[in-house]
Amino acid sequence: MGDCETSVPLMEEEENLIAAAQNIVKALGSNRTLTDDARKILADLGSQLSSITRVSEPQDEGAGETEEQLIELEDELNLVQSKVMNWEMGKSMIWDCGQEEAYEYLRYVDQARKLIERLESLNLVKGSKQDELLRRAHDLLQTAMNRLEEEFTHLLVHNRQPFEPEHMSFRSSEDDTLDDGSIVSFGDDSIEDVVQRDSMSRSSEEYIIELVHPDVIPDLRCIANLMFDSGYGRECSQAFINVRKDGLDDCLFILEVEKLSIEDVLKMDWNSLNSKIRRWIRAMKIFVRIYLASEKWLSDQIFSELEAVGSVCFAEASKASILQLLNFGEAIAIGPHQPEKLIRILDMYELLADLIPDIDAMYSDEVGLCVRTECQDILRSLGDCAKATFLEFENAVASSISANPFPGGGIHHLTRYVMNYMKTLIDYSKTLDELLKGHEKEDSVAILPDMTPDREENNTDRRCYVSPLAQHFRSFTSILECNLEDKSRLYKDESLGHLFLMNNIHYMAEKVKNSNLRTILGDDWIRKHNWKFQHHAMSYERATWSSILSLLRDEGLQNPGSNSISRTLLKERLYNFNLAFEDVYKSQTGWSIPDSQLREDLRISTSLKVIQAYRSFVGRHTYNISDKHIKYTADDLENFLLDLFEGSPRSLHGYHRK
């Protein structure tokens, strides 16, 4: 009878009671505060409840084989449940206990997944034995997936490799310096050949670094594959995205990239903004070429067997960070078009243009479309900003007005500014030619004389294409010269006005001749401006010395009604000459010719005219005037002329011959 009693089908009330007990065990088992012993008791109780045989209604023919199959499936599920739930009782991470333990756990979880597949292949009836086993298997798999998600996150976090950008080969030696040679304002008269562009490698080579220890990548890949196979791909992806987002934020922090709003950027003074732009250029290059490339490689390695999952996870993890960097570019692009910003804007434009192929390749899928689109939009905005700033520079040069003459007639800071500005922009000639298309000047085709030997006699014309940049540079120099002409009129002394123009046009010609500006403006431009400054040198000599040298002529020295020389008039002429020379000496020693060769050339030219005229005059009248009336010898005057144009006023009053 005892054997028979065990085979009596369970009543519906008993089935309900067992199901309720199983639910209670499951609910208690989810309590994280239970001790390990309590967890073990609950796990054993769960297994016993699950193993109670429930004999169903009489089976149709052939049902014996199904019953036997169910018993086998249930036994297998009980074993898997026991193994999986044992890890739920422990507080340690599975992978911390060794790879053997970890892979055994993965095998049991995969076994649970396969059990579900087999159960789902049967014709399930709600409330049937198969349905109950399937529910248990799903619950077990969900518990295992929660654990694997934790393990996956733990492996990613605790195996992160340090990111050390200071070891990157293309770090700029100029980082974080404010005295970087950027163009300053027109009002700074100390600028001299200081405009520089940052050195930037344009190599498209990527540097892959290990962001996660390579030993755990196979483990991460196994977990990812199993979670996706089990229908928990979204949870796995999100775990990866969350962890790597934190890593990307840390990278930006290490690269000293601040989260700045557009309003923050627009409020910055130029020195601060200049420093931020330089840091952005360095950070952007390292972030894209090294960090993002390595991040993409990592996601592709972990999700290598899951088609496009790696690309999606990479894009979702990194999107916020790359857009944060691009947001700074947008803020710069919509800022005011100040000429001193142009070099930095061009640096940003060229770098982004250089990085876009890398960015497009990394964000090639649909999920990366917003990044690709944003990059193109920011590039276009930076290009428009650079073009507008370049064109605004022309207006800035034209509108630079001075109320007072430039001291000493030296090289005006506007001249230095404009020429150094253009010299620096040569490095961006290809970019500027592209940006300036549609903004050409009228002389896009210049007609130049053909000076080849066989055509020299005919001097036929030949047409030469002038690039947009060259057209604008010619315009800049013309506007600058007009501005200098206006400034020269501020001098009360005509001689000083010519000296001022001579200095500045000579500076322009030398700057072009000795730099790459020569390739843009050409030798004809140099010859024309050499003639111009020489013309002003001669105009200076005429304005300064013509009236003085006229005192050394014999006209008007004769006594009335006689051909003899009037000694009184002669002494008066010498006296007036000495006074005039002393006035020139006093004023023009304070005038400045910064270029030593130009200064020497003008001194020699002046000396040849003045000393020759003076020596000749004194020689002709040696017998008509005594030595006491000759205040200065020719040698004295020659030495005095060597003091001119040094920028330090001197006086000859009180001078006595030794």
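Which helices do the buried residues of H20 pack against? The buried residues of H20 pack against helix H17 (494-513), helix H18 (517-549), helix H19 (567-588) and helix H21 (634-641).

## Basis of the model

This is a predicted model, in which local features need pLDDT of at least 70, side-chain atom pairs count only at pLDDT 80 or more, and totals for chains, interfaces and linings use all residues. Residues are numbered from 1 along each chain as its sequence is written, and side-chain values use heavy atoms, with hydrogens and water left out.

## Confidence

The pLDDT (the predictor's confidence in each residue, from 0 to 100) averages 82 for the protein chain, and 78% of the residues score at least 70. Helices are DSSP runs of H or I with at least four residues, and strands are runs of E with at least two, numbered from the N terminus.

Over residues 169-183 the pLDDT is below 50, and this stretch has 37 contacts in the model beyond near neighbours in sequence. Contact means heavy atoms within 4.5 Å. Residues 199-204 also stay under 50, with 13 contacts beyond four places in sequence. Where pLDDT is low, the predicted coordinates should not be read in detail.

## Helix H20

Helix H20 covers residues 596-620, 25 residues in total. From its first C-alpha to its last it reaches 35 Å, close to the 36 Å expected at 1.5 Å a residue; the expected span is 1.5 Å times one less than the number of residues. H20 bends by about 25 degrees at serine 607, the bend being the angle between axes fitted to the seven residues ending there and the seven starting there.

The buried residues of H20 include Leu602, Thr606, Ser607, Val610, Tyr614 and Phe617. Buried means under 20% relative accessible area, exposed over 50%, and partly exposed in between (1.4 Å probe, protein chains only). At the start of H20, a side-chain oxygen of aspartate 595 comes to within 3.2 Å of the backbone nitrogen of glutamine 597.

## Salt bridges

The whole structure holds 31 salt bridges, each a side-chain nitrogen of Lys or Arg within 4 Å of a carboxyl oxygen of Asp or Glu. Aspartate 554 pairs with arginine 620, with the closest N and O atoms 3.0 Å apart. This pair links distant parts of the chain, 66 residues apart: aspartate 554 is in the loop between H18 and H19, and arginine 620 is in helix H20. Aspartate 554 counts as partly exposed because its relative accessibility is 26%, and arginine 620 is partly exposed at 40%. Salt bridges that share partners join Asp110, Arg113, Lys114 and Glu117 into one network.

Aspartate 347 forms a salt bridge with arginine 344 at 3.1 Å between the closest N and O atoms. Both residues lie in helix H12 (residues 342-362), three residues apart, about one turn of the helix, and both are buried. Glutamate 434 and lysine 437 meet in a salt bridge of 3.3 Å, N to O; both of these residues are exposed.

## Histidine 154

Histidine 154 lies in helix H6 (residues 129-158) and counts as buried because its relative accessible area is 16%. Not counting residues up to four places away in sequence, histidine 154 touches Met93 and Asp96. A polar contact of 3.4 Å joins its side chain to that of aspartate 96. A polar contact is a pair of N or O atoms within 3.5 Å; within protein, one must be able to donate a hydrogen and the other to accept it, and residues adjacent in sequence count only if both atoms are side-chain atoms.
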